[in-house]
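Here is a short briefing on charged side-chain pairs. The sequence and structure come first.

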Amino acid sequence: MERKIISHRIGSILDDISRLSNALYAMDTTDIQRYPDNYEVLSTDAALRAEKIACRLRHLIYSSTTIRKGDYLTSAGIVHGIEVVYEDGVLEVTLPGLLPKRKQRQNTEFLLDPFYFSLEQYAKEHPMPRFSDCVVCFTQVYDQCLPTRRIRDYDNLEEKQLLDVLSTFVMADDTGLLCDAYNHRCAGRKGLYQNQCHGKKAVSRLAC
């Protein structure tokens with residue numbers, strides 16, 4: 001890639017970082033008790049900007065260095081804190097608290113790419129199940145120290161694409177004939193997102 005193009009992309013990312021800094025400053029100066037709605041809008045804007053910046057930096061790395069996408073995203077999965085464990089017939093995947101939101105392309109990419117390569121890396125090093133029929137339980141663990149209004153509706157979360165990635169590795173098919181999906185919420189000491197698959201029955205193992 002030409003140096004001029006790289007510089008242009010870096011400049012654009014720096015502009016996004018400046019906007020992110022402004023959003024964080026606005027969050028810091030907003031009275032969350034008096035203006036909770038304003039704070040929610042500002043915090044969402046800041047989070048989405050941060051995800052956009054991360055995705056743009058990833059693509060810059062892929063196109064301007066010799067670092068392979070898979071190698072980088074495997075490292076990104078570790079930084080995210082993505083954990084995969086298969087034990088006693090249960091595949092348990094722990095994801096970070098920031099969940100993909102429907103209709104947000106880069107938001108989804110931010111998490112799904114490291115998720116995919118974390119599963120791929122685990123599959124290379126450990127035996128993986130292949131469920132002909134299964135139950136998937138999406139357990140969302142919210143920080144008990146934070147207000148309950150931050151709990152989002154299930155239909156606002158992008159679970160389908162997570163299920164698509166998971167089914168690639170461990171399911172015969174994610175059709176409703178072979179897969180039942182459930183949602184569960186609880187309070188914990190820190191925000192976690194957990195996605196579990198079991199061969200015969202619904203399970204709910206919390207990682208918090």
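K69 is partly exposed at 38% relative accessibility, where partly exposed is the range between buried (under 20% relative accessible area) and exposed (over 50%), using a 1.4 Å probe and protein chains only. The model is predicted: local features need pLDDT of at least 70, side-chain atom pairs count only at pLDDT 80 or more, and totals for chains, interfaces and linings use all residues. Residues are numbered from 1 along each chain as its sequence is written, and side-chain values use heavy atoms, with hydrogens and water left out.

**Pair K69 and D113**
- The side chains of K69 and D113 form a salt bridge at 3.9 Å, N to O, the term meaning a side-chain nitrogen of Lys or Arg within 4 Å of a carboxyl oxygen of Asp or Glu.
- K69 lies in helix α3 (residues 69–80) and D113 in helix α4 (residues 105–125), so this pair ties together parts 44 residues apart in sequence; helices are DSSP runs of H or I, at least four residues, numbered from the N terminus.
- D113 is buried, at 18% relative accessibility.

**Pair R56 and D16**
- A salt bridge joins the side chains of R56 and D16 at 2.5 Å, N to O.
- R56 belongs to helix α2 (residues 36–64) and D16 to helix α1 (residues 3–29), so parts 40 residues apart in sequence are tied together.
- R56 is partly exposed at 23%, whereas D16 is buried at 6%.
- D16, R19 and R56 are linked in a network of salt bridges.

**Pair R49 and D45**
- R49 and D45 meet in a salt bridge at 3.1 Å, N to O.
- Both lie in helix α2, four residues apart, about one helical turn.
- R49 is partly exposed at 27%, and D45 is partly exposed at 29%.

**Total**
- The count is five salt bridges.

Definitions and conventions: Helix = DSSP H or I, 4+ residues; strand = E, 2+ residues; numbered from the N terminus.
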